Amino acid sequence: MNYFSTTLCLMLLTFNCYAQDFVTLNEANIETTTEDNLIIITLPFEIVDGYHIQSEVDTPGDSLMTEIIFAENDMFELISYEFSKKHNEEVVLNEYTHFVLIDIFEVTVTLKLNDNSLKPELNGQLNYQACTNKQCLFPRTLNFQVLNI
């Protein structure tokens with residue numbers, strides 16, 4: 001009975017490591033600027049120490065590039081978005097040079113409001129693949145929401 005309990009605990013710990021989010025949205029530091037009917041939102045993301053994620057540009061090999069997707073909303077039109085602040089590094093894995101993001105990065109989003117009297121919310125997801133200097137983990141999705149922008 002003790003052997004099975006130990007095995008079960010090890011399996012749960014292993015699964016918990018793989019279910020971890022390696023990127024978070026720092027909601028306290030979201031910045032919003034309004035100019036006429038345009039809203040500019042800066043979304044600050046943080047990457048867990050000891051990990052990096054693939055860059056938002058094409059990646060070689062089997063790694064997946066980081067991608068951000070925003071949900072459509074009738075209250076605004078998505079004008080543009082860009083990875084505006086990032087710490088890049090080059091990492092060589094399996095003979096391929098990967099451009100990766102480390103520590104923090106920001107995405108700046110520009111929206112055009114369809115009705116200035118409403119306070120819309122921005123919903124999105126960040127698709128990424130976290131890696132160490134030795135291995136890459138399964139891809140992850142971080143769903144996020146910014147209220148009353």
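**Strands, rings and a disulfide**

Reply: Happy to! Strand 5 (residues 67–70) pairs with strand 8 in the antiparallel sense, over four bridges. Strands here are DSSP runs of E with at least two residues, helices are runs of H or I with at least four, and both are numbered from the N terminus. Two strands pair if DSSP finds at least two bridges between them.

Me: Before we go on, what kind of model is this, and what are the ground rules?

Reply: This is a predicted model, where local features need pLDDT of at least 70 and side-chain atom pairs count only at pLDDT 80 or more, while totals for chains, interfaces and linings use all residues. Residues are numbered from 1 along each chain as its sequence is written, and side-chain values use heavy atoms, with hydrogens and water left out.

Me: Thanks. Which residue in strand 8 is the bridge partner of Glu-67?

Reply: That is Asn-127.

Me: And which strand pairs with strand 8 over seven bridges?

Reply: Strand 10 (residues 140–146), again in the antiparallel sense. Across that pairing, Gly-124 stands opposite Phe-144, and Leu-122 stands opposite Val-146.

Me: What is the strand order in that sheet?

Reply: The order is 5-8-10, in an open sheet of three strands with antiparallel pairing. Strand 5 and strand 10 are the edge strands, each pairing on one side only. From one strand to the next, the twist averages 20°; angles run from 0 to 180 degrees between N-to-C directions, with axes as lines fitted to C-alpha atoms (for helices, over the stretch in contact).

Me: How many of the residues in strand 8 are buried?

Reply: Five of seven, in a strand that covers residues 122–128. Buried means under 20% relative accessible area, exposed means over 50%, and partly exposed is in between (1.4 Å probe, protein chains only).

Me: Zooming out, how many helices and strands are in the protein chain?

Reply: One helix and 10 strands. Along the sequence the pattern is α-β-β-β-β-β-β-β-β-β-β. Of the 149 residues, 34% are buried. The accessible surface is about 9,500 Å², and carbon and sulfur atoms account for 50% of that area; such areas come from the Shrake-Rupley method with a 1.4 Å probe, and for residues only the protein chains shown count as cover.

Me: Now the hairpin. How many residues sit between strand 6 and strand 7?

Reply: Two, and Asn-94 in the turn has a positive phi of about 50°. Strand 6 (residues 76–93) and strand 7 (residues 96–113) run antiparallel and are joined by 16 bridges.

Me: How many aromatic pairs turn up in the whole structure?

Reply: Six. One of them is Phe-45 with Phe-105, which is stacked at 5.1 Å centre to centre and 15° between the planes. Rings of Phe, Tyr and Trp (its six-membered ring) pair if their centres lie within 6.5 Å; planes under 30 degrees apart count as stacked, over 60 as edge-to-face and the rest as tilted. Phe-45 is in strand 3 (residues 38–47) and Phe-105 in strand 7, 60 residues apart. Both of these residues are buried.

Me: And what about Phe-45 with Phe-144?

Reply: Those two form an edge-to-face pair, 5.8 Å centre to centre with 75° between the planes. Phe-45 lies in strand 3 and Phe-144 in strand 10, so this pair ties together parts 99 residues apart in sequence. Phe-144 is buried, as is Phe-45.

Me: Which residues make up the ring cluster?

Reply: Ring pairs link Phe-45, Phe-70, Tyr-81, Phe-83, Phe-105 and Phe-144.

Me: Switching topic: which cysteines does the disulfide join?

Reply: Cys-131 and Cys-136, with 2.1 Å from S to S. A disulfide here is a pair of cysteine sulfur atoms within 2.5 Å, and the structure holds one.

Me: Why is it called right-handed?

Reply: The torsion about the S-S bond of Cys-131 and Cys-136 is about 100°, so the disulfide is right-handed. Cys-131 counts as buried because its relative accessibility is 0%, whereas Cys-136 is partly exposed at 29%.

Me: Last one: where is Asn-133?

Reply: In the loop between strand 9 (130–131) and strand 10. Asn-133 is exposed, with a relative accessible area of 57%. Leaving aside neighbours within four places in sequence, Asn-133 is in contact with His-52, Val-91 and Leu-93.

Key:
Contact = heavy atoms within 4.5 Å.
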